[in-house]
Amino acid sequence: MNKGCRTSVLIGVLVSFIFGMGLLAILIFVSYGDGGAWRFGGAGESVALLEVEGPIFDGEETLTQLKEYIENPAAKAIVVRVNSPGGAVAPSQEIYEGLKRAKAQGKKVVVSMGSVAASGGYYIACAADEIYANPGTITGSIGVIAEFPNIQGLMEKIGIKFDIIKTGQFKDTGSVFRSMTPEEEDLIQKMLMDVYDQFVEAVAEGRNMPVEQVRQYADGRVFSGRQALEYGFVDALGTQYDAVMRAASLAGIEGEPQIIRKHKRRFPFGEFVENMLQLYLPASQGMRPPVQYLFR
């Protein structure tokens, strides 16, 4: 192959690479970007729809959207569609507090539970004025879990040893390279109980229930939507449409309400892969926090 042919081939490969990268960028934008598009049902009094989907490991997008709804005078009520097994403690608490702020600003807040609204997903729901669940919704799972992988046995088999230098007895608590000591397990358990108490107190406040009544069911168990209604953890059984109509009624909107909804373009396979990575990769590798309000 002469020099001119080689040059042509290289240029062709370069052009193809640039074209491929551009196409990939467009696909990513279309899959994940929201394009800044808002879907309005009209200019009158409306109900805003806020979706909390999948594991909760970052509340920034949800809180940004919630802030926009709070500042929108047309949005008289907010329906939060929760379809989540929960996730990290802090983002769940931040969204919970954000919904309380919305109520303090005069917005009526109603939660509509999807297939799963458990643990951190239920924590969020407790900030609402009312909670709607489907009869078969999986909810509850009031509790805290901490997972610390231990690969000490594997490291010993392949002959790898880690020397740890630390500034205090508990600095490497939860290390994947060794088992915890009894003192470390006790330390983690006490910390978990404090985080657990925060969950129970939030449920008791949101549901207007005595703390001890909540504790009877706060052992990590899950309920169906129908059981949750029987135990007092939701207010009614109904669909998302029922929740929207109830929110409109609470806000004094007559008839069929107009809907404000942030239209997000999605890439289902990409979201599935991301959710699986967040749920199952070791917490110690920085993919997710070890202490969680999470239902498996």
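What is the volume of the second largest pocket? About 170 Å³. A pocket is an open set of points on a 1 Å grid over the protein atoms alone, where a 1.4 Å probe fits, with protein on both sides within 12 Å along at least five of seven lines. The volume is the space filled by probe spheres set on the points.

This is a predicted model: local features need pLDDT of at least 70, side-chain atom pairs count only at pLDDT 80 or more, and totals for chains, interfaces and linings use all residues. Residues are numbered from 1 along each chain, and side-chain values use heavy atoms, without hydrogens and water.

Select the pocket lining, including Met155, Lys161, Phe162 and Arg178. Lining residues have an atom within 4 Å of a point.

Next, select strand β6, residues 130-133. Strands here are DSSP runs (E, at least two residues); helices are runs of H or I, at least four. Glu130 and Tyr132 are buried on one side of β6, Ile131 and Ala133 on the other. Buried means under 20% relative accessible area (1.4 Å probe, protein chains only).

Strands pair if DSSP finds at least two bridges between them. Find Val110 opposite Glu130.

Last stop: helix α3, residues 89-104. Its buried residues include Ile95, Tyr96 and Leu99. After α3 comes Gly106, with a positive phi near 95°.

Methods:
Buried < 20%, exposed > 50% of the residue type's maximum accessible area, 1.4 Å probe, protein only. Expected span 1.5 Å × (residues − 1).
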